[in-house]
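Subject: Structure handover

Hello,

Please find the structure below. My notes on it follow.

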Amino acid sequence: MHPVRKQRLLLVIFGVIFSSIAIGLIVYAMRANINLFYPPSKIAAGEAPKNRTIRGGGCVKPGSVVRAKDSLDISFILTDGTADVPVVFSGILPDLFAEGEAAVVNGMINDKGIFRAEQVLAKHDENYTPPEVAEGMKNGVNDQAVCKELSYGS
Amino acid sequence: MVPEIGQFALILALCLCIALTLMPLLGAYYGNKLLMHSGRSLAVGAFVFVSIAFFCLAYAFAHDDFSVKYVASNSNSLLPYYYKICAVWGGHEGSLLLWILMLSGWTLAVAVFSRSLPLDMQARVLGVLGFIAVGFLLFIIITSNPFDRLLPLAPQDGKDLNPLLQDPGFVIHPPFLYMGYVGFSVCFAFAIAALMAGRLDSAWARWSRPWATLAWGFLSIGIALGSWWAYYELGWGGWWFWDPVENASFMPWIVGTALLHSLAVTEKRSLFKSWTILLAIFTFSLSLLGTFLVRSGILTSVHAFANDPERGVFVLIFLLVIVGGSLTLFAFRAPVVKGSVGFNWLSREIFLLGNNVILTVVLITVLLGTLYPLIADALNWGKISVGPPYFNFFFLPLMGLLCLLMAFGPASNWKKTSAKQLVNMLWKPWVSSAVFALAFPWFYHDEYSIPAAIAVFIGSWIFTGLIADIAYRLRHSESVMAGVKKLSLSYYAMAIAHLGIAVTLIGVSLTSIYTIERDLRMQEHQTVDLNGYEFTLQSLKKVQGPNYTADEAYITVNYRGKPLNDMHPQKRRYKATGTSMTEVALDVGLFRDIYVAMGEPVSEDAWAMRVHVKPFVRWIWLGALMMAFGAFLSVTDKRYRKQKAIITESIEQPAPAMLKGKVLVND
């Protein structure tokens, strides 16, 4: 083969190998580290995988936040108007976490169906609701102040 | 009345920018000098009117004009005056106005400082900048007018500035970040102008280099300020979350860094020309993408704010026009330029190419991680988020590799370097860094940490490599002092910036490895121990601020029996919004920070507290400051000034200037 062509061929082969390795690595890393989002109704229906890190989100049910007396354990209920999911968390909640407001939680569901959160995210400003929470709502209200309009039942 | 003047000024600025786009570009196309000369005065005019608009908005804030909707939703009569002024960029509309102010400021700077450029080049650059300004002015006037009124029913008082933003960090972080973001528009304009003119030479690289460096310096400071602010303001002691909004600011920085190095090759060796142009286009496109991501509200982020999706669509269309247009132009024009000089496989060109390749790969992984949730959502693959482990998986090894290679760059020669020379020069730094790095974790902490050893090795390798390089450069000079004076300012600038990378790297690694953090329940008079640091909650009290009330804790800290600072963290409750905020107490040190934040009350006399001891955390931002300082220093290098002086002289006396030009080429 002509040396110039040979060089080009080598270059192409190198490029193909290099980019396949890169893509393979990216896919691998993505698989291990992406978190799927589930609204409370799907979690309650058992559609969410257990013991695998996922992301959940909804409105914090008023009156459901309970703090332990002697530790930093806390529990609350996330709801989307259709179903409730109990969440437990140990640590300090973000400042803007409040009852009747939207929150997103990262963590795992254990065998009892309790969401053990490793991280709790609350909104950054007055009218903001995370888009996935707003979209997962019962009556499809896709509004930024969705938690304020939700009727929490009893 | 004042807001209407602002509104009117914005519209006038839009008209001027339309003229600024059309007249110089047409002038350059037809070779009409009058039209080309108009660019400079139009740029001044646009700047004046945008400033008027900006000051009108600031005036409305300062005078509590709550009939202006934007003021009513971002200010309050109780707000201290300095936050009232800064509240101008507290929301979407105002921060966009700040963007435009910066853009017209950079345009003005180009008009003032590039008189030495050929007239047609000047005209094209200003025309492209004018076009970008038109896009953003249309955006602000059509979709997000900051001067909209709430009439006839103006509210009595404003809704207050978001408490998170009532902080000194907010005063300086957005301006610096935007200076950087927008600064890359100048490089972009230079690249487009060069493509239009079909003139891609090393002169072009020399013109755009100081602009790129300057923008990069500002962006470095902006990102560092953001990280520092998040560190103490969000109250969980993190300084980087791989959050989409952070990535949005980080991506232009990554490509910008690649651009700086590629520009160096293009200037000195006339190589990588098309690639440099492409990088300039991508850097600015990523700045626009960042604006789009942050402003469209399609992301879930710790930094997300309420948004209007329509605005996102506008930025997206503008982004497509800019990226699509410039890439099309690139496709038509770039293949004409081809590198003519060769280089050896072991040369500075190769190391700088390596820098570019690695940074590009880093960029692609960050970009994928940031956009993948959006793509997946658009294709109905479910709602997902990409977590920090993904980013760290790629970022850490790639950046480690980049930093390892960093010491070779300055030490190698253009065109060709002998391996022997490199080995002779660098074996000592290599060995001494290895010894130091192996010993460091041993002495620093009870538990030996291999990652810490690697990080310290890379950091000190960069440092000692630079020293060896300086020693090598000085080998022929009579005395050290004489030699030190002989090295150029831009060499020192490079050394400081590289050192800054080393400092940040050490800060990031050691903080991540050695941080101790606890969430604790603390009772009055109770003492908790954190690796020798004893925290005692002495008392709790209530405090009144100008627009908030707060719970304040008084905590004393002892280290191995010796008393350190007293700490006063607060939990504030802002009256107007009813939101609460954590005010962190910090004991700052070069080698460690102590960080105490109040969580929430657990009982009458007990609070949940977050207590951290963070070693080397200051180094992260110190390094960024060094990088920026290096960038600003390199811009003052006489190389750029001399060039200008010669060209202005050459207009008056052509003959001697030619001579000087020759001398310059020779050195």
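In which helix is the place of B:Ser490? The residue sits in helix H18 of chain B, which covers residues 489-514. Please keep in mind throughout that this is a predicted model.

B:Ser490 counts as buried because it has 20 C-beta neighbours inside 10 Å, and the cut-off for buried is 20 or more. From B:Ser490 to B:Thr417 there are 73 residues in sequence and, C-alpha to C-alpha, 21 Å in space.

Next, the strand pairing. Strand S1 of chain A (residues 34-38) pairs with strand S1 of chain B (residues 384-386). The sense is antiparallel, with three bridges between the two strands. Within this pairing, A:Leu36 has B:Ile384 as its bridge partner. S1(A) is also joined to strand S2 of chain A (residues 54-60), here by two bridges and in the parallel sense. On that side, A:Phe37 is bridged to A:Arg55.

Last, the confidence in chain A. Its mean pLDDT is 77, and 77% of its residues reach 70 or more. Among the elements of the chain, strand S5 (residues 84-90) has the highest mean pLDDT, 91, and helix H3 (residues 131-135) the lowest, 63. Over residues 138-144 of chain A, pLDDT stays under 50. For that stretch the model has 13 contacts beyond four places in sequence. Where pLDDT is low, predicted coordinates should not be read in detail.

Regards

Methods:
Residues are numbered from 1 along each chain as its sequence is written. Chains are lettered from A and ligands numbered from 1 in the order in which they are written. This is a predicted model: local features need pLDDT of at least 70, side-chain atom pairs count only at pLDDT 80 or more; totals for chains, interfaces and linings use all residues. Two strands pair if DSSP finds at least two bridges between them. Helices (H or I, at least four residues) and strands (E, at least two) are DSSP runs, numbered from the N terminus. pLDDT is the predictor's confidence in each residue, from 0 to 100. Two residues are in contact if their C-beta atoms, placed from the backbone, lie within 7 Å. A residue is buried if 20 or more other C-beta atoms lie within 10 Å of its own, exposed if 12 or fewer, and partly exposed in between; C-beta atoms are placed from the backbone.
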